[in-house]
Amino acid sequence: MAYQRVNAEQRAPGQSPYLDSDDLQVAALDLEWDMERELEEPGLDPFQLEGSRNQNPGQSETEDLNLGSIQPATSPKGRFQRLQEDPDYVTSYTRSAPKSNQCNFCRLLKILCTAAILLIFGLLIGYYAHKNCPPNAKSSGTDDPQLYQEILKAIQAEDIKKSFRNLVQLYEREDDTDISKTIKTQWTSLGLEDIQLVPYSVLLALPGSSPSTLTLKSNGQCFYPNAQPCGKDAGADGSQDLLYSYAAYSAKGTLEAEVIDVSYGTADDLNMIRKMKNTTNQIALLKLGKLPLLYKLYLLEKAGFGGVLLYTDPCDVPKAKGLASDAFMVSLNPGGDPSTPGYPSVDGSFRHSRSNLTSLLVQPVSASLVEQLISSPAHGAPDVVCSPLILPNNEIRIVNMQVKTVTEFKTITNVVGYLKGSTSPDRYIFVGSHHHTPPSDSGQAWASSTAMVTALIRALMLRVKKGWRPDRTIVFCSWGGTAFGNIGSYEWGEDFKKVLEKNAVAYISLHDPIRGNSSLHPVASPSLQQLIAQKKHFNCTGRAQCPDPKVSSVQIQGDADYFINHLGVPTLQFVYEDIKALEGPSFLYEALFPQHKANIEEMDPLFTLHETITKLSGEVILQIANEPVLPFNALDIALEVQNNLKGNQLNPHQLLALASRLRESVELFQSDEMRPANDPRERAPSRIRMLNDILQDMERNFLVRQVPPGFYRNILYHLDEKTSQFSILREACEQNKSLPSNVTLQAALSQVVTSINSAQVYFKAGLDVFESVLVGKN
């Protein structure tokens, strides 16, 4: 497909700035032939999909909406969708033909004379500029894969291991503030210029002076959350684990009531239970997984329950056999300081009195305690098929639960360091990890994350000292208060919200990336999935047979939450997982189990997994920070929307028609604007900036205002990898089964319709702006 030529005066370095008309025509034909040949290359990565043929406008709209062949966009670089060259193709968006003017001989002669004069001046300016230029000056802003590989070679497993061990030792004797200062000192020693410690005084929910307890009414036995009998042993080595087996921001007090097994607490589970039993002020026995915990607690609260015993079923985590006797911590905080909801905890801020975020008494307990509660024998030999824990509905268990927690204002500190960009310093790529978790944790997870960020800074600064600098600013963040509800990142985000809404480009998460050692599991926004798919060095390090990694968009843990849900920033992360863990229920990660020493080093003794993830993340960061056109794929968003409607019984004609129009607008945008912009000879700075602004903000169209608790406001993310429907539509359908009206379902549909329409209008407006520029120049 031919495309409009823009700013032909801009050429790649080393080329003559002027060509005669014959050379120009030959160059244009060669360029188009090369790009068409690239678009026809077969055998790209396994994630690519064939572009759909444009529909005949003579057919009905419903027939045009062929969702059966929806697949990811295909292109040599994952960024262009080739439109069908069909003479009958008609689109609602047309481009006006450029005006052509005949030139007489005199005018042509004037142009040639002007060109000759400009050429002489250009040569003179170039000569003196080269003469006065420092000999070792580096050209920033080059998309150079060889340069990237030279930077990434400096990332070594041994350096990450050394840094990890130093951080773990530090954790044993220091608090949050001291650890933050140490991280700042390390980053400063590596040469990072601008590093800030950003403290916030926030309301934390902490355990009381003694552990919570559970007493069986039938025999009077009293247990701590890990199934240990109440008594003098509470002060033994496991005392910290006992104290930190709690639900942060739960209601406090005592409740004596019947325990009712609600399984995973889905809408279907609760509908079935409520038909059999009175749930008012009773205690729910709830399994973690399948749905966000906050949403399940919301449903239980609506059903009238007064308390919740929360546990993980051993059958859901078969490899973690040692966790059966461990209780754990969960946070009931959706994000940020509960005393300053929606605004930062800075001096002078109004503080709400919110000692709890739910009316339910919530207590995490071990699977061993649940076995005693339901009188079930402990799981025996490993070769026996696992049986899920179930309390029969015809058996009555009365328990007395006592929840002891306190709230207290404490200071949490973020460490934020900047590697300033050379040409677009006001555009930020964020690289985030976290530091310091509750004392029951050994510090393994955050030390692993922080060691990776430190290794990445070291590699980049070695190149910066030689004169190189990225085009866009890279911001390295170590967040505090993550375990209590991503408090540090939320407070910082709310503090700098206006700046971030305009300047945030992408977020690369390094939150606890080593969770297993058998399968690399990348998660990314739809617009970044092809960027990840281009990486040919996915591997399983020879540890096990594992499938090709599938890039997905699912809700993830950690501090990326604020950037995804409040800023609409494209996000990605690389994580090593165990395959069995990936096959189990989602949201098990909400349980923060005490991690004991040698956990990380057992999974990755040589730290080769750490090195792999750091290099993969680093390569993506360099591409986003340096490529003239942001490597975001707009068409994959449109395809994701259509995939989310595929097979949905709720597909109203309006929704399908909107999705089709969105895809058409994005295809035009991708073909007419992104394709020529990626030719160095056609990069007009003003057009590149306009194009990047559109790419940077496109996911914000999918932020909705109201979602169920625990659901992402960015509706492009799924609850799990097993379904491809919009999460809010899927859950609204489940709720609609037990409601007298379909108001909830209609509200969810309205939000999806609004988002798709907003995106379609957004890309159409972008095309109109570019068209106005073209007409003006002609």
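Why does glutamate 734 count as partly exposed? The relative accessibility of glutamate 734 is 24%, and the residue therefore counts as partly exposed, the scale being buried under 20% relative accessible area, exposed over 50% and partly exposed in between, with a 1.4 Å probe and protein chains only. The model is predicted, so that local features need pLDDT of at least 70 and side-chain atom pairs count only at pLDDT 80 or more, whereas totals for chains, interfaces and linings use all residues. Residues are numbered from 1 along each chain as its sequence is written, and side-chain values use heavy atoms, with hydrogens and water left out.

Glutamate 734 belongs to helix H22, which spans residues 727-736; helices (H or I, at least four residues) and strands (E, at least two) are DSSP runs numbered from the N terminus. Apart from its neighbours within four places in sequence, glutamate 734 is in contact (heavy atoms within 4.5 Å) with Ala267 and Asp268. Alanine 267 is 467 residues away along the chain, yet its C-alpha atom is separated from that of glutamate 734 by 6.4 Å.

A seven-stranded open sheet of mixed pairing has the order E1-E11-E13-E12-E14-E16-E15, where two strands pair if DSSP finds at least two bridges between them. Its edge strands, E1 (194-207) and E15 (519-524), each pair on one side only. Within the sheet, strand E12 (residues 424-434) and strand E14 (residues 504-509) run parallel and are joined by five bridges, and valine 431 stands opposite isoleucine 508 in E14.

Helix H11 packs on this sheet, where it touches E11 (405-419), E12 and E13 (472-479), and its direction makes about 145° with that of E12; axes are lines fitted to C-alpha atoms, for helices over the stretch in contact, and angles run from 0 to 180 degrees between N-to-C directions. Helix H4 (residues 145-152) packs against H11 (residues 444-464) at an angle of about 120°, with the axes 8 Å apart. H4 and H11 are therefore oblique to each other, given that angles under 35 degrees count as roughly parallel, over 145 as roughly antiparallel, 65 to 115 as roughly perpendicular and the rest as oblique. In this contact, Leu147, Glu150 and Ile151 of H4 meet Ala459, Leu460 and Arg463 of H11.

Helix H12 (residues 487-495) lies across E1, E11, E12 and E13 and runs at about 125° to E1. Because eight of its nine residues are buried, H12 is largely enclosed by the rest of the structure. Among the buried residues are Tyr490 and Trp492, and the cover of the buried residues of H12 includes helix H13 (497-503) and helix H15 (560-565).
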